[in-house]
Amino acid sequence: MKLHPEVQALSKALHELEAYLRVHDGPHWADQIERCAAWIDESDHYGVQRFLVLFGGMGSLNDLVLHREGVVLVTENDRLRTLIERAYALAANLRHAGG
């Protein structure tokens, strides 16, 4: 199934974010992003809604800070913020598209 270009861009952004999280953070957030991407890949708008929910409240994806042995990883966190912000912006644009 061919995805709308905006949906395709979000899918790509989520897969990139998921892969980055697997390398730098582990499975917790990566698994959640992977599930959202799977729904989006199937043109299920729930994936957009579910991804945006990951930003609510304390301990949300937005609060994630990468560190190793107690040291904050500045470069890795800068890249993470870029990936998160891109995916969030794409999802926010699609928020109302699914009804």
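Colleague: Is the crossing in which α1 passes α4 left-handed or right-handed?
Modeller: α1 passes α4 in a left-handed crossing. Do keep in mind that this is a predicted model.

Colleague: What makes α1 and α4 roughly antiparallel to each other?
Modeller: Their axes cross at roughly 150 degrees and come within 9 Å. Angles over 145 degrees count as roughly antiparallel, and α1 and α4 are therefore given that name.

Colleague: Which residues of α1 meet α4?
Modeller: From α1, they include Leu10, Ala13, Leu14, Leu17 and Tyr20. On the α4 side, Leu80, Leu83, Ile84, Ala87 and Leu90 are among them. By class, the contact of α1 with α4 has 15 nonpolar, 1 polar and 5 charged residues.

Colleague: What classes of residue make up the contact of α3 with α4?
Modeller: Val48, Phe51 and Leu52 of α3 touch Ala87, Tyr88, Ala91, Ala92 and Leu94 of α4. That contact has 8 nonpolar, no polar and no charged residues.

Colleague: How do you know that Ser11 counts as buried?
Modeller: Ser11 has 7% relative accessibility. Buried means under 20%, so Ser11 counts as buried. Ser11 lies in helix α1. Leaving aside neighbours within four places in sequence, Ser11 is in contact with Leu3, Ile40 and Asp41.

Colleague: Which other residues of α1 are buried, and what covers them?
Modeller: Leu10, Ala13, Leu14, Leu17, Glu18, Tyr20 and Leu21 are buried along with Ser11. The cover over the buried residues of α1 includes α2 (27-41), α3 (46-53) and α4 (74-94).

Colleague: How does the reach of α1 compare with the span expected at 1.5 Å a residue?
Modeller: α1 covers residues 5-24, which is 20 residues, and reaches 28 Å from its first C-alpha to its last. The expected span is also given as 28 Å, and the reach is close to it.

Colleague: And what follows α1?
Modeller: Gly26 does, with a positive phi near 115 degrees.

Terms used: Residues numbered from 1 in each chain as written. Predicted model: local features only at pLDDT ≥ 70, side-chain atom pairs only at ≥ 80, totals over all residues. Heavy atoms only, no water. Helix = DSSP H or I, 4+ residues; strand = E, 2+ residues; numbered from the N terminus. Expected span 1.5 Å × (residues − 1). Buried < 20%, exposed > 50% of the residue type's maximum accessible area, 1.4 Å probe, protein only. Contact = heavy atoms within 4.5 Å. Nonpolar A, V, L, I, M, F, W, Y, C, P; charged D, E, K, R; others polar. Axes fitted to C-alpha atoms, helices over the stretch in contact; angles between N-to-C directions. Parallel < 35°, antiparallel > 145°, perpendicular 65-115°, else oblique. Left-handed = near helix turned anticlockwise from the far one by under 90°.
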